[in-house]
Amino acid sequence: MSGGGSVSFLEIQPSELAFPFEIMRQSSCSMQLTNKTDHYVAFKVKTTNPKQYCVRPNIGVVLPGSTCDVTVTMQAQKASPPDMQCKDKFLVQSVVAENGVTAQDINAAMFNKEPGKVVDEFKLRVVYVPTTMPNPIPEESELGSSTPSFSQENGIDHSMTPLSVSRSSAETAKEKPSEATSVISKLTEEKMSAVQQNQKLRQELELLRKESSKTGSGFSITFLFVVGLLGIVVGYILKRT
């Protein structure tokens, strides 16, 4: 029985099966069986937990000076074992076979231990290799463990403050032109109204002048009142503009 990296019939690499371990995912690894003898060598792969692993091929023949690759697939597991330790083991048995033998000719009796018959055995243990998925977004615990930046000082996210200020300034800037436009519009309306009133008063004044010229009497009290009112309106217009 052999337990190192080489045996009498086959050289087996690696010396242990390392599976990248991730919950709910299958994982595979491989081993190479190299025949450095001048004979045909038949092999058989066994495991202590056959329901957990799929071995392809699990039996075969390695020709002299050639290598056979064996793939071992571990079924997905629902939970991690304690301390990521695995007790599963594999055993590779090998015997010298007749020249020209094929995998179809291999049977269990070929690996029976009998007097005068050599059956080499090579044991491999299973090792779990933890895999970590990269996380582009830092967790809150990572942010808390690191030195806070200026934008997070005293637990306040100041990085949003300039944005709020700029938004407020933009809104204020938008409100000011609208207020000015409203005032200008109101003043324009008042001015137009005053101009219309002025024109109306001028027309009435002109009528009064014509009537006065016809009657031959001087300016009446109404005429004087209209003139005074006209002066007040004109003064108001000049003051607002």
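Predicted model: local features only at pLDDT ≥ 70, side-chain atom pairs only at ≥ 80, totals over all residues.

1. Staying with Asn35, is the residue buried or exposed? Asn35 has a relative accessible area of 0% and is buried; the cut-off for that label is under 20%. A polar atom of the Asn35 side chain lies 3.3 Å from the backbone oxygen of Leu63. Beyond four places in sequence, the residues that Asn35 touches include Phe9 and Leu10, Tyr40 and Val41, and the run Val62, Leu63, Pro64, Gly65 and Ser66.

2. Now the overall picture. The protein has three helices and nine strands, and the pattern along the sequence is β-β-β-β-β-β-β-β-β-α-α-α. Of the 241 residues in the protein, 27% are buried. Among contacts with a separation of 6 or more, 71% are between residues 24 or more positions apart.

3. How confident is the predictor? The average pLDDT of the protein is 78, and 67% of the residues score at least 70. Over residues 136-170 pLDDT stays under 50, and the model has seven contacts beyond four places in sequence for them.

4. In what order do its four strands run? The order is E1-E3-E7-E5, in an open sheet with antiparallel pairing. Strand E1 (10-13) and strand E5 (53-56) each have a single partner strand and stand at the edges, so one side of each is left without a neighbour in the sheet. On average, neighbouring strands of this sheet are turned by 20° against each other, direction ignored. As a reminder, strands of a sheet pair through backbone hydrogen bonds, either parallel or antiparallel.

5. E1 pairs with strand E3 (residues 27-35) over four bridges, in the antiparallel sense, and Gln13 stands opposite Gln32 in E3. Gln13 is also joined to Pro14 by a cis peptide bond, with omega about -5°. Pro14 itself sits in the loop between E1 and strand E2 (16-21).

6. E5 and E7 pair over four bridges in the antiparallel sense, with Thr73 in E7 as the bridge partner of Cys54. Which residues make up the covered face of E5? Tyr53 and Val55 form the covered face, while Cys54 and Arg56 form the uncovered one. A cis peptide bond joins Arg56 to Pro57, with omega about -10°, and Pro57 lies in the loop between E5 and strand E6 (59-62).

7. Strand E6 brings us to Val61. The C-alpha atoms of Val61 and Thr102 are 6.2 Å apart in space, although the two residues are 41 residues apart in sequence. Leaving aside neighbours within four places in sequence, Val61 contacts Tyr40, Val41, Ala42 and Phe43, as well as Val101, Thr102, Ala103 and Ile106.

8. Two backbone angles are worth a look. Met24, in the loop between E2 and E3, has phi near 65°, a positive value in a residue other than glycine. With a relative accessibility of 54%, Met24 counts as exposed. Asp83 is not a glycine either, yet its phi is positive at about 60°. Where is Asp83 placed? Asp83 is in the loop between strand E7 (67-74) and strand E8 (89-97), and with a relative accessible area of 70% Asp83 is exposed.

9. Finally, a point about the record. UniProt lists residues 184-211 as "coiled-coil region", in an unreviewed entry. What does the model show there? Over residues 184-211 the chain is 100% helix and 0% strand, and the C-alpha atoms at the ends are 40 Å apart.

Conventions. Residues numbered from 1 in each chain as written. Heavy atoms only, no water. Pairing = 2+ DSSP bridges. Axes fitted to C-alpha atoms, helices over the stretch in contact; angles between N-to-C directions. UniProt positions renumbered as here; feature names shortened; annotations may be inferred. Buried < 20%, exposed > 50% of the residue type's maximum accessible area, 1.4 Å probe, protein only. Polar contact = N/O pair within 3.5 Å; in protein donor to acceptor, adjacent residues only side chain to side chain. Contact = heavy atoms within 4.5 Å. pLDDT = per-residue confidence, 0-100.
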